[in-house]
Amino acid sequence: MVDVIFLGMECDGAPLSWLYGPLLTEQLDRDKDSSRRLAGSNFERGKGLIDSFNAKEVYVYAMGQEPWLEFISSIKYTDESNPIVQSNLLIDYCKDNNIIAELLYGEKEIMYSREIISS
């Protein structure tokens, strides 16, 4: 059992060259670059992790919606954007299964303590 899962759900992902471009010895053709994306999780992958680990809490992060990121990336999501649809499906799934879930934005403070029981 896992208490908390933090899950990146930028499921469309950036092209391969966005991160690894400087390491490549040759420039990739545009179609090859776009076909190899740096994708996070989608609903099905996230659900699989949650079910496998029997998580108590799930927090979706790395969506790039914070206003200060608009100067770095051009991401502007709508309610119909794939990452938003996928993360909403995951959060709804969690809530339907009594799992605490939230789409993180900006910052969140989470306090935990572990009770140690000795016998």
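1. Basis. The structure is a predicted model, in which local features need pLDDT of at least 70 and side-chain atom pairs count only at pLDDT 80 or more, while totals for chains, interfaces and linings use all residues. Residues are numbered from 1 along each chain as its sequence is written, and side-chain values use heavy atoms, with hydrogens and water left out.

2. The sheet. Three strands form an open sheet in the order β1-β4-β5, and their pairing is parallel. Its edge strands, each pairing on one side only, are β1 (4–8) and β5 (100–103). On average, neighbouring strands of this sheet are turned by 15° against each other, direction ignored. Helices (H or I, at least four residues) and strands (E, at least two) are DSSP runs, numbered from the N terminus. Two strands pair if DSSP finds at least two bridges between them. Angles run from 0 to 180 degrees between N-to-C directions, and axes are lines fitted to C-alpha atoms, for helices over the stretch in contact.

3. The pair β4 and β5. Strand β4 (residues 57–61) runs parallel to β5 and is joined to it by four bridges. Val 58 stands opposite Ala 101 in β5. As background, strands of a sheet pair through backbone hydrogen bonds, either parallel or antiparallel.

4. Helix α3 and Gly 46. Helix α3 (residues 43–53) lies across β1 and β4, and runs at about 165° to β1. Gly 46 has its place in this helix. Is Gly 46 buried or exposed? Gly 46 counts as buried because its relative accessibility is 0%; buried means under 20% relative accessible area, exposed over 50%, and partly exposed in between (1.4 Å probe, protein chains only). Leaving aside neighbours within four places in sequence, Gly 46 is in contact (heavy atoms within 4.5 Å) with Leu 7, Ser 41 and Leu 90. The C-alpha atoms of Gly 46 and Met 9 are separated by 8.3 Å, and these residues are 37 residues apart along the chain.

5. A nonpolar patch. Trp 18, Leu 19, Tyr 20, Leu 23 and Leu 24 make a nonpolar surface patch of about 570 Å². Patches are made of residues with over 30% relative accessible area and no salt bridge; like charges are joined within 9 Å, nonpolar side chains (Val, Leu, Ile, Met, Phe, Trp, Tyr) within 5 Å. Accessible areas come from the Shrake-Rupley method with a 1.4 Å probe, and for residues only the protein chains shown count as cover. Leu 23 lies in the loop between α1 (16–20) and α2 (30–35), and counts as exposed at 65% relative accessibility.

6. Salt bridges. How many salt bridges does a search of the whole structure find? The search finds three, a salt bridge being a side-chain nitrogen of Lys or Arg within 4 Å of a carboxyl oxygen of Asp or Glu. One joins the side chains of Lys 56 and Asp 3 (3.4 Å, N to O). Lys 56 lies in the loop between α3 and β4 and Asp 3 in the segment before β1, so this pair ties together parts that are 53 residues apart in sequence.

7. The other two pairs. Asp 51 forms a salt bridge with Lys 47, with the closest N and O atoms 3.1 Å apart. These two residues are separated by about one helical turn, because Asp 51 and Lys 47 are four residues apart in helix α3. Lys 108 forms a salt bridge with Glu 102, the closest N and O atoms being 3.0 Å apart. Lys 108 is partly exposed at 40%, and Glu 102 is partly exposed at 30% relative accessibility.
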